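Please keep the sequence and the structure in view while working through the points.

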Amino acid sequence: MKLGIVVNEGPYTHEASDTAYNFVVAALEKGHEIFRVFFYHDGVNNATRLTVPPQDDRNIQQKWTDLQAKHDLDLVVCIAAAQRRGILDENEMKRQGKDAYNIAPGFRISGLGQLIEAGIQCDRLVTFGD
Amino acid sequence: MSEGIKKFLYVNRKAPHGTIYALEALEVVLIGAAFEQDVSLAFLDDGVFQLVKGWDTKELGSKNFAPTYMALGDYDVSKIYVEKESLEERGLSEDDLMELTYEDEDDDWAEKSSIHIVSREEMARLMAANDVILSF
């Protein structure tokens with residue numbers, strides 16, 4: 001089955017991102033295709049490479065980055081939601097005249113059309129978080 | 001069903017203020033309108049407060065996006081379902097809601113109401129009849 005995943009909550013406060021991650025791992029193990037993982041609302045905060053969790057806890061951003069590298073996942077962060085919350089890639093840093101960017105490896109910033117496209121293309125769109 | 005037109009239902013369950021979900025849901029609806037899919041909006045639970053007329057955000061200092069609901073008809077978003085029980089539980093009726101309209105191209109562009117008041121049971125059937133549900 002072709003699956004689209006939506007992550008609507010940031011890391012740590014809610015378990016949604018962990019659950020989405022575990023769901024994606026399980027779906028891949030079962031042979032399903034993950035068309036795209038779309039991060040919206042506070043979910044965009046999963047994509048900052050500046051998170052530094054305590055050493056005895058998981059690094060949620062790093063887990064997504066590693067999973068992307070292993071399976072060539074399409075991890076898309078909504079640009080409008082990201083800009084509000086200070087998640088920028090190098091392009092947006094320059095375009096907005098900011099002095100830094102923080103997107104983590106393996107994530108890309110794009111528009112909400114990517115979410116609609118996932119809804120159209122996938123057999124199921126599965127949402128995690130409120 | 002990987003190609004062709006799908007039925008999208010955007011479910012709005014939260015009050016317009018207090019969280020960003022209502023505003024960011026509208027942003028998805030407006031972008032989604034460009035994809036020429038079959039689009040419906042549902043308002044239930046505290047989401048019915050989004051359509052109450054007369055709210056403004058001046059004293060909150062946040063963006064007043066009430067006019068965006070009025071513009072939905074121009075984006076060909078003309079099927080808006082509001083749950084009757086959710087209105088009643090909050091002491092509201094259809095008279096408290098904004099007048100949302102669209103121009104019906106199959107009826108000489110006559111202006112018609114986009115709002116349909118439906119029961120909880122009908123809402124459940126509506127959800128079952130849609131392909132993609134995005135809940136906010």
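In this predicted model, buried residues account for 43% of the 130 residues of chain A. In chain B, 34% of the 136 residues are buried.

**Chain A: overall form**

- Chain A contains 5 helices and 5 strands.
- Along the sequence, these elements follow the pattern β-α-β-α-β-α-α-β-α-β.
- The radius of gyration of chain A is 14 Å, close to the 14 Å given by the globule rule for 130 residues, so chain A is as compact as a globular protein of that length.
- Taken along the principal axes, the C-alpha atoms of chain A fill a box of roughly 45 × 40 × 30 Å.
- If one considers contacts in chain A between residues at least 6 apart in sequence, 76% of them join residues at least 24 apart.

**Chain A: the packing of helix 1 and helix 2**

- Helix 1 of chain A covers residues 16-29, and helix 2 of chain A covers residues 60-71.
- The two helices pack at an angle of about 20°, and their axes are 10 Å apart.
- Because angles under 35 degrees count as roughly parallel, helix 1 of chain A is roughly parallel to helix 2 of chain A.
- The crossing of helix 1 and helix 2 of chain A is left-handed.
- On the side of helix 1 of chain A, the contact is made by S17(A), D18(A), Y21(A), V24(A), V25(A) and L28(A).
- Helix 2 of chain A contributes I60(A), K63(A), W64(A), L67(A) and H71(A) to this contact.
- By class, the contact of helix 1 with helix 2 of chain A has 7 nonpolar, 2 polar and 2 charged residues.

**Chain B: overall form**

- Chain B contains 4 helices and 7 strands.
- Read along the sequence, the elements of chain B follow the pattern β-α-β-α-β-α-β-β-β-α-β.
- A compact globule with 136 residues would have a radius of gyration near 14 Å, and the 15 Å of chain B agrees with this.
- The C-alpha trace of chain B spans about 45 × 30 × 30 Å along its principal axes.
- Of the contacts in chain B with a separation of 6 or more, 77% are between residues 24 or more positions apart.

**Where the chains meet**

- In the contact between the chains, 14 residues of chain B touch 15 residues of chain A.
- Helix 1 (21-32) and strand 7 (132-135) of chain B each supply at least two residues of the side of chain B that touches chain A.
- Helix 1 of chain B provides the largest share of that side, with 6 residues.
- By class, the side of chain B that touches chain A has 7 nonpolar, 4 polar and 3 charged residues.

**A loop residue of chain B**

- D95(B) is located in the loop between helix 3 (84-89) and strand 4 (101-104) of chain B.
- Is D95(B) buried or exposed? D95(B) has 6 C-beta neighbours inside 10 Å and therefore counts as exposed, since the cut-off for an exposed residue is 12 or fewer.
- D95(B) and D108(B) are 13 residues apart along the chain, and their C-alpha atoms are separated by 27 Å.

How values were computed
Residues numbered from 1 in each chain as written. Chains lettered and ligands numbered in written order. Predicted model: local features only at pLDDT ≥ 70, side-chain atom pairs only at ≥ 80, totals over all residues. Contact = placed C-beta atoms within 7 Å. Nonpolar A, V, L, I, M, F, W, Y, C, P; charged D, E, K, R; others polar. Rg over C-alpha atoms; globule rule 2.2 N^0.38 Å. Buried ≥ 20, exposed ≤ 12 C-beta atoms within 10 Å, placed from the backbone. Axes fitted to C-alpha atoms, helices over the stretch in contact; angles between N-to-C directions. Parallel < 35°, antiparallel > 145°, perpendicular 65-115°, else oblique. Left-handed = near helix turned anticlockwise from the far one by under 90°.
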